[in-house]
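Dear colleague,

I am handing over the structure below for your records.

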Amino acid sequence: MLLSSARSAVPARLGQRAASSLALKYSNAVFSAALSKSPQVINKVQSELNTISTSIKEVPEISTFVTNPTLSAKDRQSGLAALYARAESAGAKKEPVSDITKNLFVVLSENGRLGETQGVIEGFNELVATYKGELTVTITSAAPLPRDVQTRLESTLKQSQAAQKAKSVKVINKINPGVLGGIVVDFGDKTVDLSVASRVNKLNSLLQLSV
């Protein structure tokens, strides 16, 4: 099985990114399977997964399917068929879904891990970006950053060693009210946490120690 290595994975604590360590095991397995085929297959799988990711966000039925672990085997089979139908429309013309994408969702379904889908796709996209020499910098803030602030941050980040080694740099601003204020910057395997939430957590920890 292409994803046999992911079957025995165990959950791990979530980090700053949406993708858990468990999700990243699936991401690596899918990427390795696609890489063993050809660059064209990598592009096809990425296109299919991104289409599925968009469907999860925009189609309530698809979202319910991947987040409901109590579905019967029959309902899971119907849900997978709906996912594949969405993925078939990923390219300029309708094409059958790749075996790699099908295999991924069969394994996620069998293991009761469909809830990890978005994290798996995020991890896969990061692996593809690294493979292509691209660096994606994610700036997470409580509210959209003003354009001038984001421009200054982008300019600073593009001067970093990691950015200068990359063929291209893409900066994304994600919104998460949970950071309260400040920003969290993710690039490569590094995270710079300058959020208010982080400071509040540290303060709470110090207060608890002093009681």
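The chain exposes about 12200 Å², of which carbon and sulfur atoms supply 54%; accessible areas come from the Shrake-Rupley method with a 1.4 Å probe, and for residues only the protein chains shown count as cover. This is a predicted model, in which local features need pLDDT of at least 70 and side-chain atom pairs count only at pLDDT 80 or more, while totals for chains, interfaces and linings use all residues. Residues are numbered from 1 along each chain as its sequence is written, and side-chain values use heavy atoms, with hydrogens and water left out.

Of the 211 residues in the chain, 37% are buried (under 20% relative accessible area; exposed means over 50%, partly exposed in between).

The chain contains 10 helices and four strands; these are DSSP runs (helices H or I, at least four residues; strands E, at least two), numbered from the N terminus. The four strands form an open sheet of mixed pairing, in the order β2-β1-β3-β4, where two strands pair if DSSP finds at least two bridges between them. At the edges stand β2 (168-175) and β4 (190-195); each has a single partner strand, so one side of each is left without a neighbour in the sheet. Strands β1 (residues 134-141) and β3 (residues 182-187) run antiparallel and are joined by five bridges. Val-137 has Phe-187 in β3 as its bridge partner.

Helix α10 (residues 196-210) includes Val-196, which is partly exposed, with a relative accessible area of 31%.

Yours sincerely

Conventions:
Buried < 20%, exposed > 50% of the residue type's maximum accessible area, 1.4 Å probe, protein only.
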